[in-house]
Amino acid sequence: MAKMEVKTSLLDNMIGVGDMVLLEPLSEETFINNLKKRFDHNEIYTYIGSVVISVNPYRSLPIYSPEKVEDYRNRNFYELSPHIFALSDEAYRSLRDQDKDQCILITGESGAGKTEASKLVMSYVAAVCGKGAEVNQVKEQLLQSNPVLEAFGNAKTVRNDNSSRFGKYMDIEFDFKGDPLGGVISNYLLEKSRVVKQPRGERNFHVFYQLLSGASEELLNKLKLERDFSRYNYLSLDSAKVNGVDDAANFRTVRNAMQIVGFMDHEAESVLEVVAAVLKLGNIEFKPESRVNGLDESKIKDKNELKEICELTGIDQSVLERAFSFRTVEAKQEKVSTTLNVAQAYYARDALAKNLYSRLFSWLVNRINESIKAQTKVRKKVMGVLDIYGFEIFEDNSFEQFIINYCNEKLQQIFIELTLKEEQEEYIREDIEWMHIDYFNNAIICDLIENNTNGILAMLDEECLRPGTVTDETFLEKLNQVCATHQHFESRMSKCSRFLNDTTLPHSCFRIQHYAGKVLYQVEGFVDKNNDLLYRDLSQAMWKAGHALIKSLFPEGNPAKINLKRPPTAGSQFKASVATLMKNLQTKNPNYIRCIKPNDKKAAHIFNEALVCHQIRYLGLLENVRVRRAGYAFRQAYEPCLERYKMLCKQTWPHWKGPARTGVEVLFNELEIPVEEYSFGRSKIFIRNPRTLFKLEDLRKQRLEDLATLIQKIYRGWKCRTHFLLMRKSQIVIAAWYRRYAQQKRYQQIKSSALVIQSYIRGWKARKILRELKHQKRCEEAVTTIAAYWHGTQVRREYRKFFRANAGKKIYEFTLQRIVQKYFLEMKNKMPSLSPIDKNWPSRPYLFLDSTHKELKRIFHLWRCKKYRDQFTDQQKLIYEEKLEASELFKDKKALYPSSVGQPFQGAYLEINKNPKYKKLKDAIEEKIIIAEVVNKINRANGKSTSRIFLLTNNNLLLADQKSGQIKSEVPLVDVTKVSMSSQNDGFFAVHLKEGSEAASKGDFLFSSDHLIEMATKLYRTTLSQTKQKLNIEISDEFLVQFRQDKVCVKFIQGNQKNGSVPTCKRKNNRLLEVAVP
């Protein structure tokens, strides 16, 4: 439908027929063709009155968006195209506004889309009901219960990748405002036989594959599981992976959903432990053993699996092992224990696995109910949603198909009853004469199955309880005796002679003619599946488990509550559940969704007519249409009917002033519709035959075309007139604007011409005045010039003698001034760089400027040196001052000096403050250390050297041991009198001490250092700063040194050294110390 198109009725732009009640002619072929036509145009929903037929498209369609929800919200059921949202809205509004409890029955075979339909109903109700934190939480819990139940109750079958293997009925409870309060879920007949065996091409329940695919390695190790599917006998391998299904992601979704619903962490872990135990039960295998008495018994082949199961469940291994090998029967205070053979042991194992999983599923449903139940005790409105198996007809039909088809018979019975009841109530309400409707009543089939005396379920229970040998064959014999004369029961072994030669009916089968068709049931397995027997030993073993959840699942295993009464059979339990369900449904207003599967390939765009025909038959859809059409095929309220068809009568078009019913009567009389084709109710018009309705639609369509033509004609005339008036108005406006523009332009031309003339006149006048002024000025200038010349002549004549006497001196001074000015301007452009070491200077241009040129050079040099010095920091100034001091002391005197110029004076070479080795030495000195360096102290006796730390502070000179850091000597600077050194390239120097001082007791010091220039300079400057006296620096190749009481001559000579370029010192005699310098 186009975006701007507005639909006001189901009949607008209808593809095929939207309501099968209006299908004409009605036959199975036309019914299927109509469904196919709508399916091909993506119209998957069709009505049968208030019943919705849903055809599974097997693909996503853009018809469930929030916009669609708003489209169908609070709209009449027949107002828009058929949709599941229309039925959901009708049910919700009836519940909210009319206080009627509702139920929505969703039926169809596996793969028809029942589960998705139930989700869509719940999502629509959740979207349109109230908002709020508590309401949203309730809605979220109701919606999140689906993933949990699907994981544990759904499985892949050959017909459906997500087939529900249980029936589900959910009561959603609302308050008086229509806001959800909670819900209650009931489950029916879980297909627990799937736990131990799956048909080819099918899978076990989803949760097993999700657990192995999505659990972490840590969780798998805790559950004693492996990720490989092939390790487990209960999992079929041919369909373990499903295309388009991510089991790992689904496992995370299920864990999250369990958390939202309200499962505690330990509860979720307990559930997974039970699932793991069921998986591992399938890996227990048995082997036969013969006893002495000749009886066969079974033993477990590999007890490792049994051990891990017992560790998971907390069961004593010996107890569970015995329960798999023995069976205890109690009767009249007597206990009889018998051994189990291999076949019986496997039966016991599978029975335990089925019961354990089935009871876990029931516990899950109850646990979810605890979380989602309404917390308030106020009166509630209820909407039930039933998602249950459809009618099943397979090649091999067994006990499960029998009770499923029984349930569908009951649903069909209640559908017919409630549909007829609804029709009858509407006729009575509208005061229409009620006519009897002939239809097939399937109560006779229901009675055949559920009769308490001679029904099939009663016979099956009686056979299961009968003492003696009970087999499926004895059960079939009993059916042949009791039900042989029933018109819907067929068996080849019955007394009825017409089936004796029926080759389509095997001897081990019976056939029932259901409302949807004949179904052949194989009697094999009926007795065992109905018994659903779990040996008491296994129940008691489970009750002894240390696992709290497993123990709670088997209350009958409690020895204190032993009940010798046989538990109810599966058939009787299901019969009671169906009876409760039917009683519940009869108290509610029913709404029906019939789901149809278009093909078996689960593929889009494929419509298999034979398959659809089969489903139409067993769903009884044609029967539904006939029941709806038995009276009146179409009914509609007077107001919308008059609104839709009023254009067909001149009296009602365009507006009808009177009551709507009177207007409809006038309309139908005008159209001459036969009286027998319609009836007038209190609020609705009832039309008997669809042909009448289609005739009305054809007339309406033709009239709409005529009206459209009329509207087009009137619109075109109005459009042309409007266009003409607009053009006329525009022409007047344009003419007015043009005349204004023309006058403005003419005025501008006149104004411009006047300005030009004025400017020319003013220019002529100004030029005339200018000529007069110029003539006057020239006359004045001429007079002034003549006077000036005259005065000049008089002055020159008078001062000529003075001028000639001083002319040479003036010319000389002027010339000299111009030369000096030129000199300075040229010097400005030829100035050298600001570097103090740049020796360049421009040459002098004139000889008489020589002294000036030199003075300028000196001044410029002094100025740039000052600029250079201004850039120095205080630290740099100190360094350069020391360097300058060193230059004055040693330049051209000491050969070592040039190599020291480029080396910065660092002073603290040892970094005593940072080195932990000298911590003791640092603590002993409180003054600032000016220089700290390792020197070689020359031994007075033999001339050999010893390493010492040379420290200079503000007041003292100290020597310390290099290794220990202990101070050896301390000399006050006031006691230092002189420093002697050679003029050669060596590092030897002597420190002379004041005679008679305490420090001079051992004599003077002779040192060798790599930083002689720096040490001597700093010592000189520090002594000068402290004593205000200059320290004597003696530079000589021979000088005397006081050693104790003797004076020794230190002499420096040139010589070749064995150890390269290092000077050596050697004691020659008592009076001579010779230093060889390379």
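Predicted model: local features only at pLDDT ≥ 70, side-chain atom pairs only at ≥ 80, totals over all residues.
Residues are numbered from 1 along each chain as its sequence is written, and side-chain values use heavy atoms, with hydrogens and water left out.

**Exercise 1.** Describe how helix α6 and helix α9 pack.

Solution. Helices (H or I, at least four residues) and strands (E, at least two) are DSSP runs, numbered from the N terminus. Helix α6 covers residues 206-214 and helix α9 residues 265-281; their axes are 11 Å apart, at an angle of about 105°. Axes are lines fitted to C-alpha atoms, for helices over the stretch in contact, and angles run from 0 to 180 degrees between N-to-C directions. α6 and α9 are therefore roughly perpendicular (angles under 35 degrees count as roughly parallel, over 145 as roughly antiparallel, 65 to 115 as roughly perpendicular and the rest as oblique). Contact (heavy atoms within 4.5 Å) involves V207, F208, L211 and L212 from α6, and L272, V275, V278 and L279 from α9.

**Exercise 2.** Give the strand order of the open sheet of 8 strands and find its edges.

Solution. The order is β23-β22-β21-β20-β26-β25-β24-β27, with mixed pairing (two strands pair if DSSP finds at least two bridges between them). The edges are β23 (967-972) and β27 (1032-1035); each has a single partner strand, so one side of each lacks a neighbour in the sheet. Inside the order, β20 (residues 929-938) and β26 (residues 1005-1008) pair in the antiparallel sense over 2 bridges. K937 has F1007 in β26 as its bridge partner.

**Exercise 3.** Classify the aromatic pair of Y715 and W718, and state the exposure of each residue.

Solution. The ring centres are 5.7 Å apart with 35° between the planes, and the pair is tilted (rings of Phe, Tyr and Trp, its six-membered ring, pair if their centres lie within 6.5 Å; planes under 30 degrees apart count as stacked, over 60 as edge-to-face and the rest as tilted). Y715 is partly exposed at 44% relative accessibility, and W718 is partly exposed at 48% (buried means under 20% relative accessible area, exposed over 50%, partly exposed in between, with a 1.4 Å probe and protein chains only).

**Exercise 4.** Are F1039 and F1052 buried or exposed?

Solution. F1039 is buried, with a relative accessible area of 3%. F1052 is buried as well, at 5%.
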